Amino acid sequence: MRGLNGKNVLITGGAGFIGSHLAEPVLEAGAAKLVILDNFFVGKMGNLSAVKDKTNVIVYREDASDLHAVEAVVRNEHIQVVYNMATMALNYSFFNPHTACMVNIRIADTLLHLLRNGEFESLIHMSSSEAYGTALYAPMDENHPLNPTTPYAAGKASADLMVKSFCNLYNLDAIIIRPFNNYGPRQNIDGGLAGIIPVTVRRVLAGEKPVVEGGGLQTRDYIYVSDTCRALISAYGHDGLGGEIINLGSGTEYKIIDIINYICSYIGYKGEIEFREGRPADVKRLCASSEKAKNLLGFEAEISFEEGMAKTLDWYLSGYH
Ligand SMILES: NC(=O)c1ccc[n+]([C@@H]2O[C@H](COP(=O)([O-])OP(=O)(O)OC[C@H]3O[C@@H](n4cnc5c(N)ncnc54)[C@H](O)[C@@H]3O)[C@@H](O)[C@H]2O)c1
């Protein structure tokens, strides 16, 4: 076992949803220094309000795919451990597929180049269940075939293959964490890039009908963000996992229509729901096997759906503070 105590840690995409939640347990684990690197595409300084004024926290506004910029930060701050959380949202790939795909590959390429050159020691790379596409069987283990249905997911799957192949060839200390759907406070609620939970809250609060695309019978495996972050800390703690891929999920499937109904009932919305055509590339079913996370990390999701939704919805309802 090893720990983050005394380590200099970099989180790419650290001003985003999951990255900003990860910042807190990284500091609690005793990191000497925490460096956040984000281009603020959707990241917000407000997401970092709990940590940004600490003397050992430094925020850089940089592009994580810019090799020279990341190299300068890694060298300047003597970074040892990198959590790669930076990405552009899945929905972005519907109107800019090339950038949405390639950003994932370019960031992985940048970090692998630096890791291979010994500029830092360990990489915890964030994948996504979207890389699997619709479940061919459930629960989905790490041997489930990759069948990305969006350019975002193709970029995630490609980046994962890159990380794995570099580990095979160069024996690097890089682990691939593949979370299923996350939810919690600070998930982006603005504009066209927001996910189903924040979008539904936003519509209901604005007096608009919630929207269900494609019937709502699609399922997702929702895991609360603090569970994911606990696993990410634990992933570094277990050395010798270079090249491993580890799913993170709750193992429970939720229909999209049930999620939307839950939000409506929590907020007290009794109006109609608008049903629209499904998106052609929409994944129909996702349900994680977390057996490997349990075996390798001793990890199991702890936050119940009801508890997690209450924390999430209360945060949105209280004006996102
Ligand atoms: N949210 C989920 O349900 C979920 C599920 C599975 C996997 N993931 C993965 O977890 C990671 C974090 O996701 P999230 O939900 O926090 O997303 P997010 O969009 O909230 O955060 C991503 C952050 O990356 C930043 N970013 C984008 N491009 C960048 C670039 N080129 N350089 C630097 N920063 C850049 C954004 O500004 C943002 O702050 C991603 O890798 C994502 O694929 C998320």
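This is a predicted model: local features need pLDDT of at least 70, side-chain atom pairs count only at pLDDT 80 or more; totals for chains, interfaces and linings use all residues.
Student: What makes the radius of gyration of the protein agree with a compact globule?
Tutor: The radius is taken over C-alpha atoms, and the globule rule is 2.2 Å times the number of residues to the power 0.38. With 321 residues, the rule gives a value near 20 Å; the protein has 19 Å, so the two agree. The C-alpha atoms fill a box of roughly 55 × 45 × 35 Å along the principal axes.

Student: How many helices and strands are there in the protein, and what makes a run count as one?
Tutor: There are nine helices and 12 strands. Both are DSSP runs, numbered from the N terminus: helices are H or I with at least four residues, strands are E with at least two.

Student: Why is R186 called buried?
Tutor: A residue is buried if 20 or more other C-beta atoms lie within 10 Å of its own, exposed if 12 or fewer, and partly exposed in between, with C-beta atoms placed from the backbone. R186 has 23 C-beta neighbours inside 10 Å, so R186 counts as buried. R186 lies in the loop between strand 7 and helix 5. Its phi is near 75°, a positive value in a residue other than glycine.

Student: Why is F40 called exposed?
Tutor: F40 has 12 other C-beta atoms within 10 Å, so F40 is exposed. F40 is in the loop between strand 2 (33-38) and strand 3 (57-61). F40 also has a positive phi, about 60°, although it is not a glycine.

Student: And S304, buried or exposed?
Tutor: S304 is exposed, because it has 12 other C-beta atoms within 10 Å. S304 sits in the loop between helix 8 (291-297) and helix 9. S304 and Y224 are 80 residues apart in sequence and 8.0 Å apart in space, C-alpha to C-alpha.

Student: What makes helix 5 mostly covered?
Tutor: Seven of the 10 residues of helix 5 (residues 196-205) are buried. Among them are I196, I197 and P198. The buried residues of helix 5 pack against strand 7, helix 7 (256-267) and helix 9 (305-317). Contact here puts the C-beta atoms of two residues, placed from the backbone, within 7 Å. After helix 5 comes G207, with a positive phi near 80°. Across the protein, buried residues make up 47% of the 321 residues.

Student: Which way do the residues of strand 4 point?
Tutor: V81 and Y83 point one way from strand 4 (residues 81-84), V82 and N84 the other way, and all are buried.

Student: What makes strand 7 an edge strand?
Tutor: The open sheet of three strands has the order 7-9-11, with mixed pairing. Strand 7 and strand 11 (253-255) each pair on one side only, and are the edge strands. Strand 7 pairs with strand 9 (residues 219-224) in the parallel sense over three bridges. Y183 stands opposite Y224 in strand 9.

Student: What makes a residue near the ligand?
Tutor: Its C-beta atom, placed from the backbone, lies within 6 Å of the molecule. Of the 30 residues around the ligand, G13, G16, F17, G43 and A64 come nearest. The largest share of the shell, three residues, comes from helix 1. Helix 1 (17-28) and strand 7 (181-183) each supply at least two residues.

Note on methods. Residues are numbered from 1 along each chain as its sequence is written. Two strands pair if DSSP finds at least two bridges between them.
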